[in-house]
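Biologist: Hi, could we go through this model together? I'd like to start with the loops and then move on to the packing.

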Amino acid sequence: MKKNLFIALTVALTGLQAMAQKTITVKADKPIADMSPIMYGVFFEDINFGADGGIYAELIKNRSFEFFKPLMGWKAEQQPFIEGTFTIENRGVQHTANPRFLRVKTNAQQSLVSLTNEGFRGMGIKQGLRYDCSFLYRGKDKLTYEISLLNAEGKTIGSTTFTPEPSADWKKATASLRSTATEAKGKFKIVIKGAGQVDLDMISLFPEDTWKGRPGGMRADMIQMLADMKPGFIRFPGGCIVEGYDLTNRYQWKRTIGPIEDRQLIMNRWNIEFPNRAAPDYFQTFGLGFFEYFQLSEDVGAEPLPILNCGMACQFNSAELVPMEQIDPYVQDALDLIEFANGPISSTWGAKRAQMGHPTPFNLKFIGVGNENWGPQYLERLAAFQQAIKSTYPNINIVASSGTDPNGERFDYLNAALRKMNIELIDEHYYRKPEWFQENAKRYDNYPRTGSKVFAGEYAAHPDKTTGPNKNNWFGALSEAAFLTGLERNADVVRMASYAPLFAHVDGWQWAPDLIWVDNLSVAGTTDYQIQKLFSLNKGHKVVPALIGTEAIAGQDSLYATAAIDTAKKELIVKIVNTASSAPSIKLQIDGVKTSAVKGTATVMQHQELTAMNSIDAPNKVLPSQHAFDKQSVYTVLPYSVNILRIPLK
Ligand code: AHR
């Protein structure tokens with residue numbers, strides 16, 4: 001009995017101690033680092049239907065008939081059946097980037113000749129919105145086209161008819177129609193009326209409400225999610241997609257600029273990467289290419305960070321290497337890219353940028369060489385890039401890979417070698433359990449303070465073994481928040497961070513968790529998204545110590561904290577993360593500055609359930625909320641919460 005009482009008392013006392021008030025001391029006049037102005041950014045890759053079927057607002061799948069199966073995504077119908085009505089022609093050397101087109105021969109006896117496109121997992125159609133159709137055609141016969149939007153049941157929800165002038169050469173036809181209904185799984189149908197022959201290519205359909213209203217542009221709701229984060233940088237175009245399954249499948253930026261019909265489509269390597277998530281209809285049309293990614297970066301005020309193939313294909317796939325004696329064209333691509341971004345319009349590549357509508361430079365400062373590449377073969381190729389880039393453009397910062405994992409022999413080998421090479425930014429990747437993120441909040445406390453800096457280029461807590469939509473839970477996001485306090489405390493070492501991957505379509509994903517989930521009509525920011533956005537909007541400028549006693553706050557009693565001064569707004573920002581179910585009371589001791597009498601604000605993101613998630617069906621389940629906060633009173637840190645306190649200074 002006595003023993004049980006002793007145990008009960010001990011447990012109660014331990015509980016009380018855990019609940020006892022703690023003092024967080026902020027030494028506001030003792031800056032320890034300048035926060036990187038581009039600390040939080042986005043990692044963009046065409047994975048999970050992120051570009052084609054995602055931010056690229058094109059609704060037609062396989063518009064140029066260049067998929068392996070030329071009519072994939074299309075349904076060609078005719079009544080009565082006449083052999084040879086639809087044929088796929090290949091013009092070969094006449095147009096190597098886009099050799100195929102569709103020839104349609106209609107016969108006066110036929111009551112119906114039509115083509116229906118299913119879109120990327122359907123088409124999101126909005127009531128009242130204008131849709132702009134265009135296609136390239138060639139043919140001397142006068143034919144009439146009835147174009148229609150269809151709902152999931154095949155009922156017409158908007159149509160128009162037009163008769164372009166016959167043309168012996170390829171010509172562009174355009175027509176617009178308005179939708180009478182909203183539909184998540186719409187289709188697009190073209191009925192060809194009249195007898196004759198026509199060649200068709202680049203059949204396209206865009207909504208009018210693209211980002212900034214640009215014709216042929218991006219899906220505005222998805223881009224708005226990025227803009228709302230005020231990203232410091234945009235890394236593009238990936239990811240493993242940079243490397244490709246093999247070298248022919250690698251991303252080649254020069255093939256992604258200029259007129260879209262000249263941009264040569266290739267298979268998206270995520271098409272075949274995971275047999276259990278195979279996506280045979282996943283290709284890269286490059287309707288979005290490097291020009292558009294530079295433009296997007298400019299639109300949202302982010303530094304562009306292109307990553308280039310380093311002469312190595314994905315080492316999990318073919319692992320092909322370009323021999324060192326043949327590396328020059330790869331290196332030249334990097335030099336030409338810098339000229340494309342920054343060169344005067346009198347330069348070869350600067351002129352191409354100007355032709356595309358952007359005479360002023362994009363002011364590129366960073367370039368990535370290789371994605372998740374490793375081994376001496378990587379270092380050898382990287383050295384060739386470094387030598388060429390630095391001798392021509394000494395101010396360009398090089399981002400290099402430390403492999404796939406943030407520790408282990410492969411990482412140690414690369415990390416040491418890259419530091420010897422004085423690489424400006426070392427790209428570290430962490431796809432780990434949430435517990436890892438909490439345990440690693442001190443990861444950078446003992447990193448070298450000089451030399452190469454860190455780019456936390458791909459981070460994501462993976463809370464669940466099974467992946468898929470709705471696996472981004474609060475436990476993962478809370479753990480990432482704990483980890484981010486460690487990055488901020490070491491802002492002199494860690495200069496950039498981005499969650500990965502960025503987007504996923506609920507009906508077309510290959511990799512999960514992801515930052516933002518979408519369907520054809522809506523978007524949902526996960527709890528991870530909300531966390532990165534909160535950190536990005538509240539990063540401040542000068543990092544100052546936040547201590548319990550004399551120690552940095554990195555897991556003691558499940559608390560994590562960091563502090564910074566926002567010199568523009570003259571505010572002290574204190575971030576406190578509580579990963580436990582207890583609710584400690586905090587007294588803030590602010591040393592070295594005078595605070596204003598004005599109350600501060602506390603932005604709090606909290607949920608009792610670590611399994612809570614934001615999803616397309618419930619996008620607002622866990623959101624930050626704001627309330628006034630008095631720095632004099634005791635602050636209660638709610639269980640499982642992220643708290644951002646902003647305190648006005650005098
Ligand atoms: O983000 C998904 C993939 O994870 C990226 O393509 C690659 O860099 C990493 O392995």
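Biologist: In which loop is Pro 237 found?

Modeller: Pro 237 is in the loop between strand E15 (233–236) and helix H3 (240–243). Helices (H or I, at least four residues) and strands (E, at least two) are DSSP runs, numbered from the N terminus. This is a predicted model, where local features need pLDDT of at least 70 and side-chain atom pairs count only at pLDDT 80 or more, while totals for chains, interfaces and linings use all residues. Residues are numbered from 1 along each chain as its sequence is written, and side-chain values use heavy atoms, with hydrogens and water left out.

Biologist: What kind of peptide bond joins Phe 236 and Pro 237?

Modeller: A cis one, with omega at about 0 degrees. Ala 500 and Pro 501 are also joined by a cis peptide bond, with omega of about -15 degrees. You'll find Pro 501 in the loop between strand E23 (494–499) and strand E24 (503–505).

Biologist: And Arg 121, is its phi positive or negative?

Modeller: Positive, about 55 degrees, although Arg 121 is not a glycine. Arg 121 sits in the loop between strand E7 (112–117) and strand E8 (123–125).

Biologist: Changing topic: at what angle do H4 and H5 pack?

Modeller: About 50 degrees, with the axes of H4 and H5 (residues 328–342) 11 Å apart. Axes are lines fitted to C-alpha atoms, for helices over the stretch in contact, and angles run from 0 to 180 degrees between N-to-C directions. That angle makes H4 oblique to H5; under 35 degrees counts as roughly parallel, over 145 as roughly antiparallel, 65 to 115 as roughly perpendicular and the rest as oblique.

Biologist: Which residues of H4 and H5 meet?

Modeller: Phe 290, Phe 291 and Phe 294 of H4 meet Leu 337, Phe 340 and Ala 341 of H5 (contact means heavy atoms within 4.5 Å). By class, the contact of H4 with H5 has six nonpolar, no polar and no charged residues. Ala, Val, Leu, Ile, Met, Phe, Trp, Tyr, Cys and Pro count as nonpolar, Asp, Glu, Lys and Arg as charged, and the others, Gly among them, as polar.

Biologist: How do H7 and H8 cross?

Modeller: At roughly 20 degrees, and the axes of H7 (residues 376–392) and H8 (residues 409–420) come within 11 Å. That makes H7 roughly parallel to H8. Pro 376, Tyr 378, Leu 379 and Leu 382 of H7 make the contact with Tyr 413, Leu 414, Ala 417 and Leu 418 of H8. The class count for this contact is eight nonpolar, no polar and no charged residues.

Biologist: What about H10 and H11, how do their axes lie?

Modeller: The axes of H10 (residues 474–489) and H11 (residues 527–537) come within 8 Å and cross at roughly 25 degrees. H10 and H11 are therefore roughly parallel to each other.

Biologist: Which classes make up the contact of H10 with H11?

Modeller: Six nonpolar, three polar and three charged residues. Among those in H10 are Trp 474, Glu 480 and Glu 488, and H11 brings residues including Asp 528 and Phe 535.

Biologist: Last one: how much space lies in the largest pocket?

Modeller: About 630 Å³. Of the 30 lining residues, the closest to the centre of the largest pocket are Lys 172, Phe 206, Pro 215, Gly 216 and Ile 260. On a 1 Å grid over the protein atoms alone, a pocket is an open set of points where a 1.4 Å probe fits, with protein on both sides within 12 Å along at least five of seven lines, and lining residues have an atom within 4 Å of a point.

Biologist: Which element gives the most to that lining?

Modeller: E9, with five residues. Strands E9 (130–139), E12 (167–178) and E14 (196–207) and helix H4 (290–299) each supply at least two. By class, the lining has 14 nonpolar, nine polar and seven charged residues.

Key: Grid points are joined across faces, edges and corners, and a volume is the space filled by probe spheres set on the points.
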